[in-house]
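Thanks for coming. I will take a few minutes to walk through one structure, so please have the sequence and the model open as I go.

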Amino acid sequence: MAKNRLVDLPAGHVFPETSFVLSRELSEQYRLAIGDTSSLIELEPNLAPPSSIAALSLGSLLKEFDLTPGVLHASQDLEFFSPVHHETQLICQSEIATKSERAGRIFVTLKFSTWNGKTEVLQGRTTLILPLDKARVQS
């Protein structure tokens, strides 16, 4: 089944909930990939690095649509509310908060919220800049 293209979706579009489990192994792979040498892992080995929660939340959202080639990740704001332990099932809710066209580009802000089933653990906003879809403009 073909996915929707982000460039074609309107502001206010709500994506289906996504879910994932942040395993200790995945958390460790993420930590090594970004070069995290924090001593927090030694103090709290059962806690997932907050940035890994954000990366997996955004990653689960990005699977919901196709991106136009040439997209830029312009900004991201994150607010963490609660620590997350490894092996926790997380649910991500997301929507297109704003969408506008400026200077020959499309600016899309995605808003997302990640829950552990009962408590919100993360709120985020990320802004993407997409090239103007010439096929859409010409039709």
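I start with a term. By a polar contact I mean a pair of N or O atoms within 3.5 Å, where, within protein, one must be able to donate a hydrogen and the other to accept it. Please also keep in mind that this is a predicted model.

Is Thr18 buried or exposed? Thr18 has a relative accessible area of 11%, and buried means under 20%, so it counts as buried. Leaving aside neighbours within four places in sequence, Thr18 is in contact with Ser60, Glu64, Leu90, Ile91 and Cys92. Along the chain, Thr18 and Lys63 are 45 residues apart, yet their C-alpha atoms are separated by 9.3 Å.

Next, Ser27, in helix α1. Which side chain does the side chain of Ser27 make a polar contact with? The partner is the side chain of His86, at 3.0 Å. Ser27 is buried, because its relative accessible area is 2%. Not counting residues up to four places away in sequence, Ser27 touches Leu22, Ala48, Pro49, Ser52 and His86.

For contrast, take Thr37, in the loop between α1 and α2. Thr37 is exposed, because its relative accessibility is 74%. From Thr37 to Leu128 is 91 residues in sequence and 29 Å in space, C-alpha to C-alpha.

Now the strands. β1 and β3 pair in the antiparallel sense, over five bridges. In that pairing, Ser19 has Ile91 of β3 as its bridge partner. β3 also pairs with β4, again in the antiparallel sense, over 11 bridges. There, Ile96 stands opposite Leu110 in β4. The hairpin of β3 and β4 has two residues between the strands, and in this hairpin Ala103 takes a positive phi near 50 degrees. One more item: Arg102 lies over the face of Phe107, at 3.9 Å from the ring centre.

In soluble globular proteins, nonpolar side chains tend to be buried together. Here the largest nonpolar core has 24 residues, and those that touch the most other members are Leu6, Phe15, Ile53, Ile96, Val108, Leu110 and Leu130. Which elements give two or more residues to this core? They are β1, α3, β3, β4 and β5.

Apart from its neighbours within four places in sequence, Val108 is in contact with Leu6, Ile96, Thr98, Lys99, Thr126, Thr127, Leu128 and Leu130.

Last, the aromatic rings. How many aromatic pairs does a search of the whole structure find? It finds one. The pair is formed by Phe15 and Phe65 and is tilted, with 5.3 Å centre to centre and 40 degrees between the planes. It links distant parts of the chain: Phe15 is in the segment before β1, Phe65 is in the loop between α3 and β2, and the two are 50 residues apart. Both Phe15 and Phe65 are buried.

I am happy to take questions.

Methods
Residues numbered from 1 in each chain as written. Predicted model: local features only at pLDDT ≥ 70, side-chain atom pairs only at ≥ 80, totals over all residues. Heavy atoms only, no water. Core = buried A, V, L, I, M, F, W, Y, C linked by side-chain atoms within 4.5 Å. Buried < 20%, exposed > 50% of the residue type's maximum accessible area, 1.4 Å probe, protein only. Helix = DSSP H or I, 4+ residues; strand = E, 2+ residues; numbered from the N terminus. Contact = heavy atoms within 4.5 Å. Pairing = 2+ DSSP bridges. Phe/Tyr/Trp six-rings, centres within 6.5 Å; stacked < 30°, edge-to-face > 60°. Lys NZ or Arg CZ within 6 Å of the ring centre and 35° of its normal.
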